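Colleague: Please take me through the aromatic rings here. I want each label set against its cut-off.

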Amino acid sequence: MNFSTFWQTAPLSLLLILSFIGLAIVQLLMGVDIDAPSTHDLLRFGANFMPLSMVGEPWRLLSSGFLHIGILHLLFNSFAMYYFGQVTEIIISSVHVGLLFILAVVGGNLLGNYLAWQAVFLGTPLAISAGASGGIMGLGAFLFSLALLQAPIALKLNTKTLGFVMAINLLMGFAVKEIDHAGHIGGTLVGFTLGVVYRYALSYRQYTNLILTGAMMGMAMLFGVIWYWLHWQIMAVIG
């Protein structure tokens with residue numbers, strides 16, 4: 001698929017890929033070592049760090065989804081976005097793909113931060129995380145659920161191929177220490193849940209998009225409640 005066709009078929013997926021690459025270029029121009037960024041550089045460019053994300057800088061729950069650690073991480077996530085993004089954008093609208101990506105990134109980071117907060121009491125050091133993997137796993141899980149449930153859509157989805165690409169994405173987590181495995185799991189749960197909703201919403205054709213939008217809005221509100229709940233738990237401890 002050439003650039004023009006990709007733009008016509010999946011404009012949002014292309015814009016997301018360009019945003020990943022663009023941020024990496026900005027980092028390079030500002031003297032950041034992409035393959036070995038410092039903690040300061042990661043935080044400067046929006047990485048997720050529980051004490052910041054859950055206290056005064058919740059925007060990191062999303063911004064970290066555009067930041068990558070290493071050329072290999074960037075290239076693979078760009079490929080996975082190309083693969084999953086264009087297929088998802090053919091099935092649902094660009095707006096819904098954007099919301100799905102955002103919810104999967106935020107949901108994955110919330111799960112990671114919740115587990116990090118629990119680990120604090122065990123004396124486990126807090127980690128910084130970054131990467132679009134949670135959002136991409138959300139897209140992949142959305143497609144996987146449609147394939148698994150044999151959704152009546154025009155495209156033929158292959159569960160083995162989808163599962164293979166998702167498995168590689170999971171394995172990337174072992175190659176880059178700043179990738180949060182909980183983010184992968186959280187993003188997958190978000191995508192699979194919304195995929196199940198969409199599959200059964202297809203039975204109500206004229207209301208399918210409305211049902212999907214409602215489910216996404218409900219999930220966003222739930223994430224807001226979770227953030228405030230965890231925020232106040234942390235504030236009660238740190239004063």
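**Aromatic rings and their labels**

Colleague: Why is F79 called partly exposed?

Modeller: F79 has 42% relative accessibility. Buried means under 20% relative accessible area, exposed over 50%, and partly exposed in between (1.4 Å probe, protein chains only). So F79 counts as partly exposed. Y83, at 24%, also counts as partly exposed.

Colleague: What should I know about the model first?

Modeller: It is predicted: local features need pLDDT of at least 70, and side-chain atom pairs count only at pLDDT 80 or more, while totals for chains, interfaces and linings use all residues. Residues are numbered from 1 along each chain as its sequence is written, and side-chain values use heavy atoms, without hydrogens and water.

Colleague: What makes F20 and F101 a tilted pair?

Modeller: Rings of Phe, Tyr and Trp (its six-membered ring) pair if their centres lie within 6.5 Å; planes under 30 degrees apart are stacked, over 60 edge-to-face, the rest tilted. F20 and F101 are 6.3 Å apart centre to centre, with 40 degrees between the planes. F20 lies in helix 2 (residues 11–29) and F101 in helix 7 (residues 94–120), so the pair ties together parts 81 residues apart in sequence. Helices here are DSSP runs (H or I, at least four residues), numbered from the N terminus. Both F20 and F101 are buried.

Colleague: Why is the pair of F79 and Y83 called stacked?

Modeller: Their ring centres are 6.4 Å apart and their planes at 20 degrees, so the pair is stacked. F79 and Y83 both lie in helix 6 (residues 71–91), four residues apart.

Notes. Helix = DSSP H or I, 4+ residues; strand = E, 2+ residues; numbered from the N terminus.
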